[in-house]
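Hi,

Here is the structure I mentioned. Please open it first, then read my notes below.

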Amino acid sequence: MVGAQFTPGRGDTAPLPRIPAGPPSRRAGGPLLKAAGLVAVAVVAGLVWWLVRGGSAEETPPAAQSPAKEFQFVVSDGPVAATDCAANSYSQVKQFFTQHPCQRLSRALYTTSSGATRALVSVAVVTMSTPEDAQQLKKLADTDGTGNVNDLVRDGTAKIPGAPKLADGDYLSRVTGASVTIVLSAFFDGHADEATLQRISKEALDLAPGA
């Protein structure tokens with residue numbers, strides 16, 4: 001059975017046909033716009049931080065500071081330079097130099113204090129032809145009873161009243177490339193303090209006269 005048909009009369013309007021529903025739309029100002037706003041805020045904040053930090057992307061690291069020294073050294077004599085190490089040494093070390101001539105020898109004397117006690121320090125730097133010769137010299141000089149390079153008191157160059165016999169004090173050496181640094185130290189007036197003397201010798205390694 002066919003239903004009654006609507007016949008529009010004068011002044012009547014036919015009902016509009018139904019339009020199928022489409023996909024849902026997002027409101028303006030939804031998550032996408034919010035995300036864009038957050039990005040803009042982050043960019044501005046980063047720019048402000050960059051300006052506050054001085055406008056530099058790289059930070060300069062603080063300069064390393066050398067450790068403080070315990071002793072102050074005063075030059076007492078020298079430096080005295082030479083090229084004939086055999087003539088300025090004794091015992092087996094002297095014989096070594098006759099077969100392995102050095103390139104340069106520099107010697108100096110220093111004084112330093114620990115409290116009320118003074119110490120005399122000899123620093124000799126021997127430059128050999130090769131690092132291998134320097135290692136051999138150090139090994140020989142490090143052995144008791146093999147001799148050494150003359151300090152300036154031993155060879156009579158320096159005249160220091162009451163100077164201690166340095167060969168009987170503390171001994172320390174170091175090799176740097178083709179150079180050997182030899183330190184001898186002893187207290188005046190027969191004072192004995194081995195631990196302090198060793199610290200004095202260790203710092204004296206860096207004096208390197210005539211280097």
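**Overall make-up**

The protein has 4 helices and 7 strands. Bear in mind that this is a predicted model. From the N terminus on, the order of elements is α-β-β-α-β-β-α-β-β-β-α. The protein has 211 residues, and 31% of them are buried. I also looked at contacts between residues at least 6 apart in sequence: 69% of these join residues at least 24 apart. The accessible surface is about 14,300 Å². Carbon and sulfur atoms account for 56% of that surface.

**The disulfide**

How many disulfides does a search of the whole structure find? The search gives 1. Cys85 and Cys102 form it, with their sulfur atoms 2.0 Å apart. The link is right-handed, with 95° about the S-S bond. Cys85 sits in the loop between strand S1 (74-82) and strand S2 (89-90), and Cys102 in the loop between helix H2 (91-99) and strand S3 (104-114), so the bond ties together parts that are 17 residues apart in sequence.

Are the two cysteines buried or exposed? Cys85 has 2% relative accessibility, so it counts as buried. Cys102 has 8%, so it counts as buried too.

**Salt bridges**

The count comes to 5 salt bridges. Three of them are described here, pair by pair.

Asp206 pairs with Lys69, and their closest N and O atoms are 3.1 Å apart. Asp206 lies in the segment after helix H4 (194-204), while Lys69 lies in the loop between helix H1 (31-52) and S1, so this bridge ties together parts that are 137 residues apart in sequence. Asp206 is partly exposed, at 45% relative accessibility. Lys69 is exposed, with a relative accessible area of 53%.

Glu70 pairs with Arg199, with the closest N and O atoms 2.9 Å apart. Glu70 is in the loop between H1 and S1 and Arg199 is in helix H4, so the pair ties together parts that are 129 residues apart in sequence. Glu70 counts as partly exposed, at 46% relative accessibility. Arg199 counts as partly exposed, at 36%.

Lys138 forms a salt bridge with Asp142. Here the closest N and O atoms are 2.7 Å apart. Asp142 has 32% relative accessibility, so it counts as partly exposed.

**A buried aspartate**

Please take a look at Asp170. This residue lies in strand S6 (residues 170-176). Asp170 is buried yet has no salt bridge. How far away is the nearest side chain of opposite charge? That side chain is Arg199, 11 Å away. Arg199 does have a partner of its own, in the salt bridge with Glu70.

What does the side chain of Asp170 make a polar contact with? The partner is the side chain of Ser201, at 2.7 Å. Leaving out residues up to four places away in sequence, Asp170 touches Val183, Leu184, Ser185, Leu197, Gln198 and Ser201.

Best wishes

Key: Residues numbered from 1 in each chain as written. Predicted model: local features only at pLDDT ≥ 70, side-chain atom pairs only at ≥ 80, totals over all residues. Heavy atoms only, no water. Disulfide = S-S within 2.5 Å. Helix = DSSP H or I, 4+ residues; strand = E, 2+ residues; numbered from the N terminus. Buried < 20%, exposed > 50% of the residue type's maximum accessible area, 1.4 Å probe, protein only. Lys, Arg positive; Asp, Glu negative; His and termini not counted. Salt bridge = Lys/Arg side-chain N within 4 Å of Asp/Glu carboxyl O. Polar contact = N/O pair within 3.5 Å; in protein donor to acceptor, adjacent residues only side chain to side chain. Contact = heavy atoms within 4.5 Å. Areas by Shrake-Rupley, 256 points an atom, 1.4 Å probe, with all protein chains shown as cover.
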